[in-house]
Amino acid sequence: MMQLSPRFVCGIISHAREFHAQEDVMLPEEPDNQNDGWIDEALAEHADNPVYLEIKNTIEELEPELQANLVALMWLGRGDYTEDEWDAALEEAKDNWTPRTADYLLATPMGADYLAEGLAMMGHSCEDDE
């Protein structure tokens, strides 16, 4: 079971969409998962972006286990796992946790959409919070 409130996740989704919608934000369509350098390349020009900093700080303030919940939710929405495989997704996210979770989530193309889809698969919708 997801340990984050759907309302919190919806806030992350909203801010991530706001960040990604900015004209100067360009993310690679197919990041090289063999090398974390793609994260640095995607976010290098945004170190002073207030939207980026706000969402990055919010995610970084979470305990690693809660950060892993966000990653697992994104993987679920991306189709890497089904809702029945939530526990496996969460275990893998915990096993692969790094202090760069916020950057990973923000640099992932369509990451906000994947989070929203994962949330929907868990039976929640951001429209419920509006």
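**Exercise 1.** Are W75 and Y81 buried or exposed?

*Solution.* The model is predicted: local features need pLDDT of at least 70, side-chain atom pairs count only at pLDDT 80 or more, and totals for chains, interfaces and linings use all residues. Residues are numbered from 1 along each chain as its sequence is written, and side-chain values use heavy atoms, without hydrogens and water. Buried means under 20% relative accessible area, exposed over 50%, and partly exposed in between (1.4 Å probe, protein chains only). By this rule, W75 and Y81 are both buried.

**Exercise 2.** Classify the aromatic pairs of the chain.

*Solution.* Step 1: rings of Phe, Tyr and Trp (its six-membered ring) pair if their centres lie within 6.5 Å; planes under 30 degrees apart count as stacked, over 60 as edge-to-face and the rest as tilted. The count is 2 aromatic pairs.

Step 2: the ring centres of F19 and Y52 lie 5.6 Å apart with planes at 35°, so this pair is tilted. F19 belongs to helix α1 and Y52 to helix α3 (residues 50-60), 33 residues apart; helices are DSSP runs of H or I with at least four residues, numbered from the N terminus. Both F19 and Y52 are buried.

Step 3: the ring centres of W75 and Y81 lie 6.3 Å apart with planes at 25°, so this pair is stacked.

**Exercise 3.** Compare the span of helix α1 with its expected value.

*Solution.* The expected span is 1.5 Å times one less than the number of residues. Helix α1 (residues 6-21) has 16 residues, and its span of 22 Å from first to last C-alpha is close to the expected 22 Å.

How values were computed. Helices (H or I, at least four residues) and strands (E, at least two) are DSSP runs, numbered from the N terminus.
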